Amino acid sequence: MIREFKISDTEQVMKLWLSGNEDAHPFVQKEYWHFHYSEVQEALREASVFVYDSDGKIQGFIGMIDEYIAGIFVDRNFRSQRIGTQLLNHVKSRYGKLSLEVYIKNTRAVSFYLKEKFSVLSESIDEDTGEKEYIMIWQ
């Protein structure tokens, strides 16, 4: 079931965030994610976060800052089971427009967003990593 994030979810969510980033972005140094860990943990309190909870085990989450998707993460053991789609549909039902940034080399995520009717608005370079990314929108 999808529900709102609680502070007690922090440890599970952060484990998913770290492992998800390391899995999806092998082209980015792991140290980058570890360096930003505390910053992201603090940002959870400011964002709207929804988790996919199955009997107390968080299998995925989506983080929102206004209409911006800060990220969708699904436990590697539960990928390709429509959890990401359910989380995305949950926020689509709440917002009339969504935007996000995704690394171009993260082809699995790019394909997912295109399948979910997002379109590429522009291409840019992430200044922190030097990697190309798409800015995508859905409305």
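Visitor: Which residues have the most contacts inside the largest nonpolar core?
Guide: Ile62, Ile69, Leu88, Leu98, Tyr113 and Phe118. That core has 22 residues. A nonpolar core here is a set of buried Ala, Val, Leu, Ile, Met, Phe, Trp, Tyr and Cys residues joined through side-chain atoms within 4.5 Å. Buried means under 20% relative accessible area, exposed means over 50%, and partly exposed is in between, with a 1.4 Å probe and protein chains only.

Visitor: Ground rules before we go on?
Guide: This is a predicted model: local features need pLDDT of at least 70, side-chain atom pairs count only at pLDDT 80 or more, and totals for chains, interfaces and linings use all residues. Residues are numbered from 1 along each chain as its sequence is written, and side-chain values use heavy atoms, with hydrogens and water left out.

Visitor: Switching to rings. How many aromatic pairs?
Guide: The count is 7 aromatic pairs. Rings of Phe, Tyr and Trp (its six-membered ring) pair if their centres lie within 6.5 Å; planes under 30 degrees apart are stacked, over 60 edge-to-face, and the rest tilted.

Visitor: Why is the pair of tryptophan 17 and tryptophan 33 called edge-to-face?
Guide: Because the planes stand at 80°, with the ring centres 6.0 Å apart. This pair links distant parts of the chain, 16 residues apart: tryptophan 17 sits in helix 1 (residues 10-24) and tryptophan 33 in helix 2 (residues 30-43). Tryptophan 17 and tryptophan 33 are both buried.

Visitor: What about tyrosine 32 and tryptophan 33?
Guide: Also an aromatic pair, and edge-to-face: 4.8 Å centre to centre, 85° between the planes. Ring pairs link Trp17, Tyr32, Trp33 and Tyr37 into a cluster.

Visitor: Now pockets. What is the volume of the largest pocket?
Guide: About 1400 Å³. On a 1 Å grid over the protein atoms alone, a pocket is an open set of points where a 1.4 Å probe fits, with protein on both sides within 12 Å along at least five of seven lines; lining residues have an atom within 4 Å of a point. Grid points are joined across faces, edges and corners, and the volume is the space filled by probe spheres set on the points.

Visitor: Glycine 71, then. Is that buried or exposed?
Guide: Glycine 71 is buried, at 12% relative accessible area. Glycine 71 belongs to strand 4 and touches Phe61, Ile62 and Gly63, not counting residues up to four places away in sequence.

Visitor: Where does the side chain of aspartate 53 reach?
Guide: The backbone nitrogen of aspartate 55, at 3.5 Å. Aspartate 53 lies in strand 2 and counts as buried, at 12% relative accessibility. Leaving aside neighbours within four places in sequence, aspartate 53 is in contact with Met1, Arg3 and Ile58.

Visitor: Last topic: backbone angles. What is phi of arginine 82?
Guide: Near 75°, a positive value in a residue other than glycine. Most residues other than glycine have a negative phi. Arginine 82 sits in the loop between strand 4 and helix 3 and is exposed, at 52% relative accessible area.

Visitor: And lysine 117, where is that?
Guide: In the loop between helix 4 and strand 6 (119-125). Lysine 117 has a positive phi of about 75° although it is not a glycine. Lysine 117 is exposed, with a relative accessible area of 64%.

Terms used
Helices (H or I, at least four residues) and strands (E, at least two) are DSSP runs, numbered from the N terminus. A polar contact is a pair of N or O atoms within 3.5 Å; within protein, one must be able to donate a hydrogen and the other to accept it, and residues adjacent in sequence count only if both atoms are side-chain atoms. Contact means heavy atoms within 4.5 Å.
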